[in-house]
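Here's a quick briefing to read with the structure open beside you. Take a look, then go through the notes below.

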Amino acid sequence: MTSHVLDLAGAGIGPFNLSLAAQLDSIPQLSVRFFERRPSFAWHPGMMLPGAEMQTSILKDLVTATNPTSPWSFLSYLVAHKRFYQFLNAEYEAVPRKEFADYLGWVARGLTSLRFGASVREVHANDGFFSIATDDGAINARNLSVGVGKIASRPAWAEQLPKSMTFHSSEATQRIGDVKAHRVAIIGGGQSGAEIVDALLDLNAVSTIHWISRRPNFEPLDATPFTNELFTPGYMERFHGLPEELRLTHTRRQVLASDGVSASTLKKLYRRLYERKLDAGGHPDHGISLRPFRNVIAAEQDGPEITLTMRNGFDDSIETLVVDMIVFATGYRFVLPQSLHSLENRIELNSIGEPVLESDFSLAWDGPRDNRIFVLNAGRHSHGIAEPQLSLAAWRSAVIANALLGRPHFDLDQLDPIVQWETHGQPSNLPSHMGQAAE
């Protein structure tokens with residue numbers, strides 16, 4: 001074992017640890033190394049469906065928001081690939097996801113601090129550092145950065161269904177082309193669900209598509225200016241200071257700010273359905289049914305079929321549906337990585353079982369403050385709906401870099417928000433019934 005102690009070891013190389021590695025590349029005095037079990041960089045390869053678009057501005061890349069002169073910006077990528085002018089001329093309303101994925105891969109190939117094909121196997125806390133077992137050998141590090149991503153989330157009612165009759169949206173690229181089922185249900189009314197519906201409409205083998213969502217309608221992403229204030233450092237800092245109960249309430253209320261369907265995708269789907277009806281001479285299109293406001297409460301397999309039982313929130317009725325395959329566009333959930341299980345009992349959890357994160361994105365744990373465990377993409381309920389998004393990745397990486405250095409290497413001061421979120425020193429003496437928000 002080497003006696004050298006790294007300043008930071010990173011587990012997992014997704015966009016968020018990649019952003020951190022890109023930011024730390026400008027600070028040569030810090031010794032860092034990041035590990036990834038896959039042989040090369042890949043960003044949601046299972047959702048690289050044709051026509052898939054970004055929901056985030058290209059300026060919200062790995063580095064630009066706090067380090068605009070970095071060689072690892074999206075604009076630097078365009079210049080390096082001689083596509084700067086043609087990209088501008090294309091006038092994209094939303095950047096193709098495959099191009100942003102190529103940008104991420106380009107950064108990953110250029111950074112020398114990354115180690116692919118090497119997992120972080122075990123982490124143990126020692127006196128003043130972490131001992132880490134990797135496929136690349138044993139190392140020591142003062143701090144950790146965990147960016148292994150979340151795991152696919154499936155509803156509890158689906159646990160007994162066979163994998164041959166179901167798949168998650170994270171597997172869509174690999175599975176959709178092989179779908180031979182005639183009747184397919186897509187569960188989930190967000191962007192992934194919409195993209196899968198669009199892809200299934202191109203398959204001749206699929207005769208009927210049922211798009212099912214718990215939301216009252218197939219609703220658009222709210223990307224208007226005042227809503228986008230939720231995706232700023234100023235809002236995130238204020239959100240983190242709120243009591244947990246309020247934070248949980250706000251994230252539930254703000255779901256369409258981060259998890260709606262792009263307006264362009266909704267328009268494309270609606271036009272496709274309109275044209276199908278036109279081709280059918282105005283007769284009902286039995287090839288697709290859109291079922292919002294449905295909460296699936298049970299699924300029962302009977303041979304090659306699955307019967308879904310749903311409650312319809314529109315008229316409060318119970319309905320059933322028989323399908324041959326189900327696609328889950330039901331998001332992801334955080335699970336503490338296996339490599340950190342030796343520290344599991346030392347980590348503070350919130351009321352819903354998620355780790356408590358400090359303002360600098362480090363875990364609240366009972367170890368030394370100088371040995372931080374930064375966790376990326378686990379702070380939706382501690383830092384707000386922007387935390388799992390790309391929007392503030394560069395800013396978060398700069399916060400972590402400053403924490404590692406113990407000084408403000410990156411200037412993170414911001415102008416006051418346009419929206420005044422909190423009340424300054426004005427406790428309310430109103431009765432509770434008088435404290436309702438104005439419409």
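**Around Trp421**

Trp421 touches Glu229, Leu230, Tyr235 and Arg238, leaving aside residues up to four places away in sequence; touching here means heavy atoms within 4.5 Å. Keep in mind that this is a predicted model, where local features need pLDDT of at least 70, side-chain atom pairs count only at pLDDT 80 or more, and totals for chains, interfaces and linings use all residues. Numbering runs from 1 along each chain as its sequence is written, and side-chain values use heavy atoms, with hydrogens and water left out.

**More on Trp421**
- You'll find Trp421 in the segment after helix 12 (393-405); helices are DSSP runs of H or I, at least four residues, numbered from the N terminus.
- Trp421 counts as partly exposed because its relative accessibility is 33% (buried is under 20%, exposed over 50%, partly exposed in between, with a 1.4 Å probe and protein chains only).
- Asn140 is 281 residues from Trp421 in sequence and 42 Å from it in space, C-alpha to C-alpha.

**Helix 6 meets helix 10**
- The axes of helix 6 (residues 191-200) and helix 10 come within 10 Å and cross at roughly 30°; axes are lines fitted to C-alpha atoms over the stretch in contact, with angles from 0 to 180 degrees between N-to-C directions.
- Gln191, Ala194, Val197 and Asp198 of helix 6 make the contact with Thr265, Lys268, Leu269 and Arg272 of helix 10.

**Tyr270**
- Tyr270 sits in helix 10 (residues 263-279).
- Tyr270 counts as exposed because its relative accessibility is 63%.

How values were computed: Helices (H or I, at least four residues) and strands (E, at least two) are DSSP runs, numbered from the N terminus.
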